[in-house]
Structures are given as C-alpha cells and as structure tokens.
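My notes follow in the order in which I looked things up.

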Amino acid sequence: MPLEPSPPDCSYIQPQVRSVSVGRPFAWLGAAWADLCANPIASLAYGLLFAIAGDVITIFAWRKGQLFIIATSGFFLVGPFLAGGLYEISRRRAAGQTSTFFSSFAGGRRNAPELAMMGLLLAMIGLTWERITTWLFALLAPTITPDLLELLAEIHLSPDHRDLLLIWIMIGGALALFVFSITVVSVPMLLDRQIPCGIAVRTSLRTVNANLRLMIFWGAIVVILTGIGFLTLFFALIVFMPLLGHASWHAYRDLVKY
C-alpha cells in the first residue's frame with residue numbers, strides 16, 4: 001500500500017503581508033491598553049525591567065564616558081527581547097488564557113534557536129554602531145570623547161564639528177531604520193510560529209515595504225514614547241514599554257496572515 005504524502009511543513013510557507021490604513025496604530029495601542037489592564041502585574045513587571053535595564057546601561061555608560069552611544073546600543077539588543085514576554089501575554093489573552101510573569105517566559109522556548117539567531121544579529125548591529133561611532137570620532141574629532149552630549153557641547157562652543165554630527169546622525173538613523181525594519185514583525189512572529197529567522201526577517205521587510213507610510217507613523221510613535229521614557233529617567237518606560245510591546249503584537253497580527 002503506497003504511503004500517503006506527508007503534509008506540508010507550514011512553518012516554511014511564506015506568510016502573506018496585509019496593507020492596512022495609516023490610522024491602525026491607534027487600534028493597536030487601544031488593544032495594548034486592554035492587554036495591560038487585563039494583566040497589570042505581569043505587564044508592568046516587564047516595564048520595570050526595561051526601566052532597570054535603562055538605568056544599569058546608563059550608569060555603565062556614564063562611567064565609560066559614552067553615555068548616549070552605549071545606551072542606544074544596549075537598547076538595540078535589550079528592547080526587542082524584553083518585549084518577548086509581552087508578546088506572549090497578548091498571545092495568551094487572545095487565546096482566552098491568563099498570564100503571570102513567569103508563564104510569559106514560555107514564548108521564548110517555542111523557537112529558541114531562531115530567536116537566538118535574531119539576538120546574535122541585533123548584538124552584531126549594536127557592536128557595529130559602537131565601533132562606527134568610535135572610528136568616526138577618532139578620525140574627525142580625536143580630542144572629543146565619542147558621545148553625542150559632549151559633541152553637542154563642543155559644537156555649541158565652535159561649529160567645527162558639524163560635519164561629524166551630520167554624518168553620525170545619518171549613519172545612526174540608517175541603522176535604527178534597519179533594526180526597526182527587520183524586527184517590526186519578525187520577533188513576535190518567531191515567538192508565535194516555528195519559522196526560520198530568515199523568513200521572519202524577510203516578512204518584516206516586506207511588511208515595511210507594503211505599508212511604508214504606516215510604518216513611518218508607527219516608528220514615530222515608538223520613538224516619541226521611548227524618548228519620553230529617556231527624558232523621565234526611564235520611569236515612564238514602566239508603562240510605555242509594556243504598551244508598545246503589546247501594541248507590537250497586535251501590529252504583527254494585523255499585518256501578517258498565514
């Protein structure tokens with residue numbers, strides 16, 4: 001008797017990408033607020049971790065004299081993965097399940113090898129950003145510590161280093177845009193599905209390409225709320241980061257279809 005063909009491995013099927021309206025982030029934030037209110041202890045625990053991580057990175061960076069550079073490099077790596085538990089809380093709530101802080105760790109175990117690959121990629125980007133900054137300052141402003149705050153203070157006294165500031169902003173902006181583009185739906189996808197890291201990254205890039213104006217708007221919201229968190233010495237991140245994490249899950253579910 002001939003064997004029946006095996007069912008297709010759905011984890012390797014390219015997901016479909018939806019195009020949605022520019023105003024959808026408001027719906028994502030509304031759903032995120034509902035997730036936060038339904039699981040306040042678990043969600044705010046992650047917010048507290050974000051705030052503590054920000055303080056630790058800042059103290060370490062301050063002692064090295066590279067406050068802004070190391071802080072932003074650290075958040076490249078820490079941010080998407082601390083949000084992983086928030087994605088799991090939203091996923092479980094959609095399935096009618098309650099969550100605790102510890103039960104939210106389950107999401108990271110479902111696709112651990114591919115998540116580790118994503119973590120390695122983000123770590124490499126963070127290291128690249130730190131190295132590029134060091135080289136730029138060494139070449140164009142060897143007398144200044146490689147830090148944005150010191151550079152701004154120097155430009156206030158003398159305009160000699162404006163070219164360095166422009167180049168630094170352009171390169172940093174390009175790296176930040178790249179990180180946003182490859183992670184906007186890929187990390188929640190890796191937590192939700194047994195799918196290779198490469199497919200998740202390509203799907204994220206396709207999503208950005210299909211919803212460019214929406215992604216610009218959503219990216220601006222993320223930057224503004226995160227910036228407020230930085231300006232409040234990370235206290236606002238206790239609420240803002242869970243909100244953005246839950247909203248990112250709803251963005252993924254809205255934009256990607258299997």
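What share of the contacts in the protein chain with a separation of 6 or more comes from residues 24 or more positions apart? I found 74%, with contact meaning heavy atoms within 4.5 Å.

**Ground rules.** This is a predicted model, in which local features need pLDDT of at least 70 and side-chain atom pairs count only at pLDDT 80 or more, while totals for chains, interfaces and linings use all residues. Residues are numbered from 1 along each chain as its sequence is written, and side-chain values use heavy atoms, with hydrogens and water left out.

**Overall layout.** I counted 12 helices and 2 strands in the protein chain. Helices (H or I, at least four residues) and strands (E, at least two) are DSSP runs, numbered from the N terminus. Along the sequence I read the pattern β-α-α-α-α-α-α-α-α-α-α-α-α-β. Of the 258 residues in the protein chain, 47% are buried. I used these classes: buried is under 20% relative accessible area, exposed is over 50%, and partly exposed is in between (1.4 Å probe, protein chains only).

**Annotated spans.** I checked the UniProt record, an unreviewed entry, which annotates "transmembrane region" over residues 44-62, 68-87, 119-145, 165-191 and 212-240. UniProt positions are given in the numbering used here, feature names are shortened, and annotations may be inferred rather than shown by experiment. For residues 119-145 I noted 81% helix and 0% strand, with the end C-alpha atoms 29 Å apart. For residues 165-191 I noted 93% helix and 0% strand, with the end C-alpha atoms 38 Å apart.

**Helix 6 against helix 8.** Next I looked at helix packing. Axes are lines fitted to C-alpha atoms, for helices over the stretch in contact, and angles run from 0 to 180 degrees between N-to-C directions. Helix 6 (residues 112-140) packs on helix 8 at an angle of about 175°, with the axes 11 Å apart. Helix 6 is therefore roughly antiparallel to helix 8. Angles under 35 degrees count as roughly parallel, over 145 as roughly antiparallel, 65 to 115 as roughly perpendicular and the rest as oblique. Helix 6 brings residues including Met118, Ile125, Trp129 and Phe137 to this contact, and helix 8 brings residues including Leu164, Trp168, Gly172 and Phe178. I sorted the residues of this contact into 17 nonpolar, 3 polar and no charged. Here Ala, Val, Leu, Ile, Met, Phe, Trp, Tyr, Cys and Pro count as nonpolar, Asp, Glu, Lys and Arg as charged, and the others, Gly among them, as polar.

**Helix 8 against helix 10.** The axes of helix 8 (residues 162-183) and helix 10 (residues 197-210) come within 6 Å and cross at roughly 110°. The two helices are therefore roughly perpendicular to each other. Ser181, Ile182 and Thr183 of helix 8 meet Val201, Ser204, Leu205 and Val208 of helix 10. The residues of this contact divide into 4 nonpolar, 3 polar and no charged.

**Core.** Which residues have the most contacts inside the largest nonpolar core? I found Trp218 and Leu255, in a core of 57 residues. A nonpolar core is a set of buried Ala, Val, Leu, Ile, Met, Phe, Trp, Tyr and Cys residues joined through side-chain atoms within 4.5 Å. Helix 12 (residues 237-255) gives the most to this core, with 9 residues. Not counting residues up to four places away in sequence, I listed the residues that leucine 255 touches, among them Val17, Trp28, Val185, Leu214 and Met215.

**Single residues.** Leucine 225 lies in helix 11 (residues 212-231) and counts as buried at 15% relative accessibility. Beyond four places in sequence, leucine 225 is in contact with Leu237, Phe240 and Leu244.

Is leucine 233 buried or exposed? Leucine 233 is exposed, with a relative accessible area of 58%, and sits in the loop between helix 11 and helix 12. Phenylalanine 234 is in the loop between helix 11 and helix 12 but is buried, at 5%. I noted a positive phi for leucine 233, near 55°, and for phenylalanine 234, near 80°. Most residues other than glycine have a negative phi.
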